[in-house]
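Have the structure open as you go.

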Amino acid sequence: MSIPSVDSQLETGDGSRVKASEKRLVNCSQVDVNQLMPLKYHWAWEHYLNGCANHWMPTEVPMTKDIETWRSDKLTEDERLVIMRNLGFFSTAESLVGNNLVLAIFKHVTNAECRQYLLRQAFEEAVHSHTFLYVVESLGLNEGEIFNMYHEVPAITRKDEFEMRLTAEVLSPDFSTNTYEGLQAFLKNLIGYYIIMEGIFFYTGFVMVLSFHRRNLMTGIGEQFQYILRDETVHLNFGIDLINGIKAENPDLWTPEFQAEIIDLIKQAVELEIEYAGDCLPNGILGLNRDLFRDYVHYVADRRVERIGLPKQFDSKTNPFPWMSETMDLAKEKNFFETRVTEYQSSGALNWD
Ligand SMILES: [Fe+2]
Ligand SMILES: [Fe+2]
């Protein structure tokens, strides 16, 4: 394989300066992908700024109360199962998302402002993975058990395998977005991760863990999940803009057959998610049971498909967990800097010796 020379990598075609109007989200060979300005996709830059404004670290959230609760008899076995399953799912799902971003998505998005956002998102996924390591260490959980659930708990394995198939398609050595089928497969990957993984598969877990926070139990993990939910809301919004942007620039991709394929994927994902909820809640716990989650997953999936221009599939009407929107608004408004307990190392505190 020949490696292109530095000169050829820096060439912009006719040698003229980058024009914003020539920027494209994918398959752009006219302009230099290294040049951020002039901006064309202002939404991507806005999402980048929103991500930066939400900066947080899991270690800044005190875990003392959670440790006390976990060691006490305040939680039933069913409640412990809910928490363990969700820690198990998220601990590796965050890595799957991060890997797909860096290995499958980044290479094929040929726009500098979107890549700037993807770099920020990749860091946030690292922070989310860090959260699960921190929680496992704080509560003294068995790390092998948590981090292997994606091999050992079938309801988690099925969700992850569903996603990993989409990553494998883009990582195949002959994959290219220069073909019609390739670009459709890439769009399918984006929908599979932004809409399904981050937009559907994460939400059952958010409800389950945040329901403890509402009852003033496991509030450290609850606070961390609020920050993760806030980050994931931006990831989802960026993903929707990227998907809709690629559709607008390549309208021939969005055929009735392709839409049917996407709807079929969403329906498969919804079934996997309902199974996952049932697996976490074999007997139900206070205010939560499998039937409510069926309604919730339908409600969430309908909201997601509408945002990428597809019709609702489940005829859902109301959110069975209306408090979730309140929690999301609170997380948005919360001034993290007022509650943080540790300070960042400032330049004055660094030791250079
Ligand atoms: Fe994440
Ligand atoms: Fe994410």
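Predicted model: local features only at pLDDT ≥ 70, side-chain atom pairs only at ≥ 80, totals over all residues.

Two residues are in contact if their C-beta atoms, placed from the backbone, lie within 7 Å.

Q: Among contacts in the protein between residues at least 6 apart in sequence, what share joins residues at least 24 apart?
A: Start with the contacts in the protein whose partners are at least 6 apart in sequence. Then keep the ones that join residues at least 24 apart, and the share comes out at 76%.

Q: How many helices and how many strands does the protein have?
A: Reading from the N terminus on, the elements go α-α-α-α-α-α-α-α-α-α-α-α-α-α. The tally is 14 helices and 0 strands.

Q: Of the 353 residues of the protein, what percentage counts as buried?
A: A residue is buried if 20 or more other C-beta atoms lie within 10 Å of its own. Over the 353 residues of the protein, that gives 38%.

Q: UniProt places a "binding site" at Glu94, Glu125 and His128; what is the largest C-alpha distance there?
A: The feature comes from an unreviewed UniProt entry, which puts it at Glu94, Glu125 and His128. These residues are spread over 35 residues of sequence, yet they cluster in space. Their largest C-alpha distance is 6.5 Å.

Q: Is Glu125 buried or exposed?
A: Glu125 is in helix H5, residues 112–139. Leaving out residues up to four places away in sequence, Glu125 touches Glu94, Val97, Gly98 and Leu101. Since Glu125 has 24 C-beta neighbours inside 10 Å, it counts as buried.

Q: Which residues is His128 in contact with, leaving aside its neighbours within four places in sequence?
A: His128 also lies in helix H5. It has 24 other C-beta atoms within 10 Å, so it is buried. With its neighbours within four places in sequence set aside, the contacts of His128 are Glu94 and Ile228.

Q: Are H4 and H8 roughly parallel or roughly antiparallel?
A: The axes of H4 (residues 77–105) and H8 (residues 154–171) come within 10 Å and cross at roughly 5°. Angles under 35 degrees count as roughly parallel, over 145 as roughly antiparallel. So H4 and H8 are roughly parallel.

Q: By class, what residues make up the contact of H4 with H8?
A: On the H4 side, the residues include Gly88, Phe89, Thr92 and Leu96, while H8 brings Ile156, Asp160 and Met164 among others. By class, that contact has 9 nonpolar, 5 polar and 2 charged residues.

Q: How do H8 and H11 run, roughly parallel or roughly antiparallel?
A: The axes of H8 and H11 (residues 256–280) come within 9 Å, crossing at roughly 155°. Over 145 degrees counts as roughly antiparallel. Therefore H8 and H11 are roughly antiparallel.

Q: How far apart in space are Leu190 and Asn100, C-alpha to C-alpha?
A: Leu190 is found in helix H9, residues 180–214, and is buried, with 23 other C-beta atoms within 10 Å. Leu190 and Asn100 are 90 residues apart in sequence. In space, C-alpha to C-alpha, they are 9.5 Å apart.

Conventions. Residues numbered from 1 in each chain as written. Chains lettered and ligands numbered in written order. Axes fitted to C-alpha atoms, helices over the stretch in contact; angles between N-to-C directions. Helix = DSSP H or I, 4+ residues; strand = E, 2+ residues; numbered from the N terminus. Parallel < 35°, antiparallel > 145°, perpendicular 65-115°, else oblique. Nonpolar A, V, L, I, M, F, W, Y, C, P; charged D, E, K, R; others polar. Buried ≥ 20, exposed ≤ 12 C-beta atoms within 10 Å, placed from the backbone. UniProt positions renumbered as here; feature names shortened; annotations may be inferred.
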